[in-house]
Amino acid sequence: MDDLATTPERRRLTAYALLVPLPFCALPFVQFLNTNRLHIVDEGRILTYALATWVLVLALGVIVLRTARRADAERTALVLTAVVVTFSSYSHIIPSSARPDGVALNLLVWLVLAAGAAYGVHAASRHDGFRTAVLIAGCALVAIAGVDYLLHRPTLNGAPVASIDLSSVTTFIETPNIYYFVLDEYARDDQLLALTGFDNSAFRSELRDRGFIVSERARSSYNFTELSLSSTLSMEPTATEPDDVAAGVRHLQELITGRPPVVEQLRAAGYQYVFSPAGTVGWSICSLEVADRCIAPDESGLTLGEAELSLLATTPLDELDLLRPAYTDPVYVVEELGQLEGLDGPTFLFAHVLMPHTPYRYDADCSPRSPSMEPDGARYAEQVRCTNLLVLEAIDRIVAQDPTALIVLQSDHGGPLTRPAWTKRLDEWSDVDLVDRLAVQSAIRLPERCADLVPDDLAIVNTFRIVFGCLADEVPTLLDYEAWYWTSAHLSELEPIPAERLAGLD
């Protein structure tokens, strides 16, 4: 074969030149869907990115063929394919934990390696066997990841959510404004100390000085946001049998962002409802069809969703501080709430704040940093400390304007250090990991007469039973604590967690 031939035939896009980039353009996106199948991701949007990448590669190929003197369509396609692979594999070639300081040096190292890979592919591509092997390998890798995803993907349907009888708490003797902040993935203080070495006792003391009742042994009934948060807002478990989640958790997501029993009860008592969704979380959106007011996340500048940021984090673009997630924080929510007009009567604010959850947005001094999507114990502790500062500032602003405010600060589940185990079954989790995932933060500011209603071992499914009992001047009926484990990697395997495995929660 004359590999330097530049005949018109060699400069035309052949079927091979069109096809060989396709599986490698699709591979990082299919792998992303498979890796993140625990979360419900917009498949159409992700695969559209794959198609756009392929079209871009073809466009670059056409430019090369028209401008280069010794271009060969099939060898050009293979070289561009090598560039795509090295570009999408940046985080594997130069993992964040091993990167030297300095963006320029990191990018230079990657460029040298990428150029070497492109040169090697160009040299090998003169052989027909190599060309055939590359195409077969690309198709096989995509097929393996795609089939695995299709076999385990969560669906968008689920069992109907049971309603709860709220007739016993329909009459409130007082109606203060209620501020409910969900601090996503905020671990309980004892777990923070044990797993990261971070002592959070100063924050706990600050909350108590501001009139909060801190439950030092608070716990969630679930390891997963949608199950935990929907249960708190329903005041009862929303998934107790495998059939409840065998088809996914879309119904629970819709319950959270719709009108759960807590919201309906408060509306019946004359409250207006303000919802502040979590920003980058795709399903956490606010609609004026269900809320009286929405607080939109801060999307100033170049913002992207969580999925897009996670994809870019695998590429050299991760080194450039150009993009950030749409976000909220407690101070931002309070500021935006103060700008809303036409709120008459008592208000219920539900703010789902993606802090200290990834993407990590703060450096050790709490100055903004390039967002990081990779969980890390030390960085997580930094985010907790910065979250604390913002929470205290938000509380002080609320109380200065609204001294009788009823404020709930809670996490939906514990910390992030168990993430590698999320696709495993219950019997593959250690007791330490289970406790870390179910031990949550909880601090509630209630009227003084209600202080005795909050147990130190609060099960957060009882949160609004306590709030409503206080406002109705009644002793609430609290549910006994139970816990369940679920992962979308094994949809129909919702399992009750034996009590003996949760001894560390006490």
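A pocket is an open set of points on a 1 Å grid over the protein atoms alone, where a 1.4 Å probe fits, with protein on both sides within 12 Å along at least five of seven lines. In this predicted model, local features need pLDDT of at least 70, side-chain atom pairs count only at pLDDT 80 or more, and totals for chains, interfaces and linings use all residues. Residues are numbered from 1 along each chain as its sequence is written, and side-chain values use heavy atoms, leaving out hydrogens and water.

**The second largest pocket**
- The second largest pocket holds about 300 Å³ of space (the volume filled by probe spheres set on the grid points).
- Its lining has 15 residues (those with an atom within 4 Å of a point), and Asn-177, Tyr-179, Leu-337, Gly-338 and Asp-402 sit closest to the centre.

**Helices 3 and 4**
- The axes (lines fitted to C-alpha atoms over the stretch in contact, with angles from 0 to 180 degrees between N-to-C directions) of helix 3 (residues 43-67) and helix 4 (residues 73-88) come within 10 Å and cross at roughly 135°.
- Contact (heavy atoms within 4.5 Å) involves residues including Val-57 and Leu-60 of helix 3 and Thr-76 and Leu-80 of helix 4.

**Helices 10 and 11**
- Helix 10 (residues 225-234) and helix 11 (residues 250-257) have axes that come within 9 Å and cross at roughly 45°.
- Helix 10 and helix 11 are therefore oblique to each other too.
- Among the residues making this contact are Glu-226 and Leu-233 of helix 10, plus Gln-253 and Ile-256 of helix 11.

Notes: Helix = DSSP H or I, 4+ residues; strand = E, 2+ residues; numbered from the N terminus. Parallel < 35°, antiparallel > 145°, perpendicular 65-115°, else oblique.
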